[in-house]
Amino acid sequence: MPLYVVFIDFKKEFDSVELPAIWEALERFGVDAGDIEIIKMIYAHGSSSVNVGTSSVPINVQKGVRQGDTLSPLLFVLVLQLALNQVNWENGININGSILGHLDFADDIALLSQTLEGAQSLLDQVAEKCREVGLNINVDKTKWMSIVSDPNETILLNDEEVEKI
């Protein structure tokens, strides 16, 4: 059986998640409305500052999850899952009648397909759905591999060739 695997890496994933996507993910996954409001209040006044010498410039932060916050990984994974749930996984691999299109652990995703076209389709869909929630795939760190040894095969992301390993 031919196998194609695309290993996805995101650009600054924790910094780029859109806040409305967080609220939508929490709602869709059944988090209590009161808890959602508390989380919204925590994120309502996000700020940071840049210090140069004795000068400081405040920056209003309205994107991303908080670095070091114990809730941040969960919020990120919920948003990522929200995006992945919108992908059509029919191009995944067939295992005893079940389709397996991806393996995930935190922000590490491996897309699985039996065809090059299927792998390309999955990557295109994941990239599109992730962009909608503020996540962008890093083409330089995303890689793919196959047990098919055809040197002419390529996978593209945003019109750039993804490195085959």
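In the predicted model, Asp 159 is exposed, with a relative accessible area of 74%. Asp 159 is placed in the loop that lies between strand 11 and strand 12. Although Asp 159 is not a glycine, its phi is positive, at about 65°. Asn 158 is placed in the loop between strand 11 (156–157) and strand 12 (160–161). The phi of Asn 158 is also positive, near 55°, and this residue is likewise other than glycine.

The protein as a whole contains 5 helices and 13 strands. Its C-alpha trace spans about 60 × 40 × 25 Å along the principal axes. Of the 165 residues in the protein, 39% are buried. The accessible surface amounts to about 9500 Å², and 53% of this surface belongs to carbon and sulfur atoms. With regard to charge, there are 11 positive and 25 negative side chains. The centres of these two sets are 5 Å apart. When contacts between residues at least 6 apart in sequence are considered, 62% of them join residues at least 24 apart.

The interior of the protein was examined next. In soluble globular proteins, nonpolar side chains tend to be buried together. The largest nonpolar core of this model holds 42 residues, and those that touch the most other members are Ile 8, Ile 22, Leu 111, Leu 123 and Val 126. Two or more residues of this core are given by each of strand 1 (4–8), helix 2 (19–28), helix 3, helix 4, strand 8 (108–113) and helix 5 (116–132). Helix 4 provides the largest share, namely 8 residues. When residues up to four places away in sequence are not counted, Ile 8 touches Asp 107, Ile 109, Leu 111, Leu 123, Val 126, Ile 137 and Thr 142.

The buried residues in helix 5 include Leu 116, Gly 118, Ala 119, Gln 120 and Leu 122. Leu 123, Gln 125, Val 126, Ala 127 and Cys 130 of helix 5 are buried as well.

Three further residues illustrate how position and accessibility were assigned. Tyr 43 belongs to helix 3 (residues 33–44). Tyr 43 has a relative accessibility of 5% and therefore counts as buried, since buried means under 20%. Tyr 43 and Val 65 are 22 residues apart along the chain, and their C-alpha atoms are separated by 8.4 Å.

Phe 105 lies in strand 7 (residues 102–105). Its relative accessibility is 64%, so Phe 105 counts as exposed, the limit for this class being over 50%. The C-alpha atom of Phe 105 is separated by 9.1 Å from that of Val 77, although the two residues are 28 apart along the chain.

Lys 164 is located in strand 13 (residues 163–164). With a relative accessible area of 33%, Lys 164 is partly exposed, because this value falls between the limits for buried and exposed residues. Lys 164 and Met 145 are 19 residues apart in sequence, while their C-alpha atoms are 5.5 Å apart in space. If its neighbours within four places in sequence are left aside, Lys 164 is in contact with Trp 144, Ser 146, Val 148, Asp 150 and Glu 153.

Notes: Residues are numbered from 1 along each chain as its sequence is written. This is a predicted model: local features need pLDDT of at least 70, side-chain atom pairs count only at pLDDT 80 or more; totals for chains, interfaces and linings use all residues. Side-chain values use heavy atoms; hydrogens and water are left out. Helices (H or I, at least four residues) and strands (E, at least two) are DSSP runs, numbered from the N terminus. Buried means under 20% relative accessible area, exposed over 50%, partly exposed in between (1.4 Å probe, protein chains only). Contact means heavy atoms within 4.5 Å. Accessible areas come from the Shrake-Rupley method with a 1.4 Å probe; for residues, only the protein chains shown count as cover. Lys and Arg count as positive and Asp and Glu as negative; His and the chain ends are not counted. The place of a charge is taken as NZ of Lys, CZ of Arg, CG of Asp or CD of Glu. A nonpolar core is a set of buried Ala, Val, Leu, Ile, Met, Phe, Trp, Tyr and Cys residues joined through side-chain atoms within 4.5 Å.
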